[in-house]
Amino acid sequence: MRLTVFMHSPKSNEPVPVRYDVEDVDLASVDGVLSTTRSVRLRLDLERPVSNDLLLDCIDIAEQGPGGGNQSSRRWLIIRDRDQKQALSELYWEGAGKWMASARDKLADTDHRNANVMRSAAHLAEHLADVPALVIPCIWGVHDDSKKPGLFDSVVQSAWSFCLAARARGLATAWTTAILNHDTEIRDLLEIPAGITPVALLPVAYSKGGDFASVPRRSAKEISYFDRWGRTWENRDDQAARRITEGPGVTVEIDVDAPPTKVWSLICDISLSAQFSEEFQGAEWAEGHSGPAVGARFVGTNRHPAIGEWQTTSTITEFAENQRFGWAVGDDEETAAARWRWEIDELHGHRCRLRHTVRLGPGPSGLTPAIEAMPDKEALIVDRRQQEHLANMVRCVEGVKALAETS
Ligand SMILES: Cc1cc2nc3c(=O)[nH]c(=O)nc-3n(C[C@H](O)[C@H](O)[C@H](O)COP(=O)(O)O)c2cc1C
């Protein structure tokens, strides 16, 4: 007995549209499912059977996802046969499991940020054949780098809907792709024809307990840019023209082919940016301060063709080794003229992504007199300042990258 019958009438098998009024949405439940659908590996219940009806219900829901050309191009392989699961599990072990188990053993009892992920990933690799169902979403098409939408664009959203629908029914999934490295072998094993692309392998089981938590991610305000790349806003209100009080900012990022420690040693130099910026001239530690630490103060010198030269005293507000270095222009974040930050995200151990941000305000700054003198030009002044910062910050991250990769 299928649990949902809204896609097809049980009598005629004709599609029956489901209607749902948004006023009936229980936002807490919806957001709860969206925020807590984790990659579950340690808590898969390998003993409890999962019915095919339940899997098909999840696929019916997933098929409501959008697809290029409104064509029905997705296909779903549901692997239940023990021998097929065993064969897939051996491929997974060869391609990734061995490596995951060795990484788990290496990281065991350390506080490395990947220690838990590796413990969980290796556990899945060791038990893949015992998972009740392995679901492989596939798409008609071959990835040809044509830059046209169509291939992954038409399947990934549905595959994720499948995971969400499963979670809402007490099932757990994990998004895995390691097996895809064995393209020829999985095609042979599963008899997938040429012209069809499998995009993931989703182990599906009931979860042991239904309680999962959301995890820290960068906030939307940090990674959402308005109108043009890199322009951030802390409190933007689009019912009026842009204002400095909306917290305009700029973010630039660059991938660096050097480890975080190398980049960190460069960005800890408070004068480094003077080599690249057309505005910042250099900095010196304020009296009584001699090196970077939270609370330490330094005096920076700036020069601008329209303003001339000026100095500011900044206070370090964040200092997490190899990760984050932030300072407020002024005494603290609450009254700062601007807040600056370097951040380093490790990428696969040996590389990193360098991120440089500035957020203007919330206190008065050099822009304040200009805005007071020309209030009708506020939006333009803010826009120009973002543009100037962006250009200089791009020079800085490119300069740091060059130094880190060559020195
Ligand atoms: C494209 C992609 C490929 C992934 N491949 C694997 C995989 O092969 N094996 C695995 O155990 N997890 C895989 N994961 C899961 C990630 O490791 C997982 O998302 C990460 O551990 C964070 O956990 P969360 O999903 O619960 O937030 C993959 C995730 C994505 C998005």
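Strands here are DSSP runs (E, at least two residues) and helices are DSSP runs (H or I, at least four), numbered from the N terminus. The model is predicted: local features need pLDDT of at least 70, side-chain atom pairs count only at pLDDT 80 or more, and totals for chains, interfaces and linings use all residues. Residue numbers start from 1 along each chain as its sequence is written.

S6 spans residues 202–207. Two strands pair if DSSP finds at least two bridges between them.

| Strand | Bridges to S6 | Direction | Residues standing opposite |
|---|---|---|---|
| S1 (residues 44–45) | Two | antiparallel | Asp45 and Tyr206 |
| S4 (residues 171–173) | Three | antiparallel | Leu171 and Tyr206 |

Six of the six residues of S6 are buried, so S6 is largely enclosed by the rest of the structure. A residue counts as buried if 20 or more other C-beta atoms, placed from the backbone, lie within 10 Å of its own.

Helix H8 covers residues 260–267, and its buried residues are Pro260, Val263, Trp264 and Ile267. They fall within an arc of 105° seen down the axis, so they line one face of the helix. The arc is that of the directions from the helix axis to the C-beta atoms. Among the elements covering these residues are strand S8 (248–256), strand S12 (324–329) and helix H10 (378–406). Contact means C-beta atoms, placed from the backbone, within 7 Å.

The chain is divided into domain 1 (22–207) and domain 2 (220–406). These bounds come from an automatic or database domain assignment. The domain centres, taken over C-alpha atoms, are separated by 40 Å.

Terms used: A residue is buried if 20 or more other C-beta atoms lie within 10 Å of its own, exposed if 12 or fewer, and partly exposed in between; C-beta atoms are placed from the backbone. Two residues are in contact if their C-beta atoms, placed from the backbone, lie within 7 Å.
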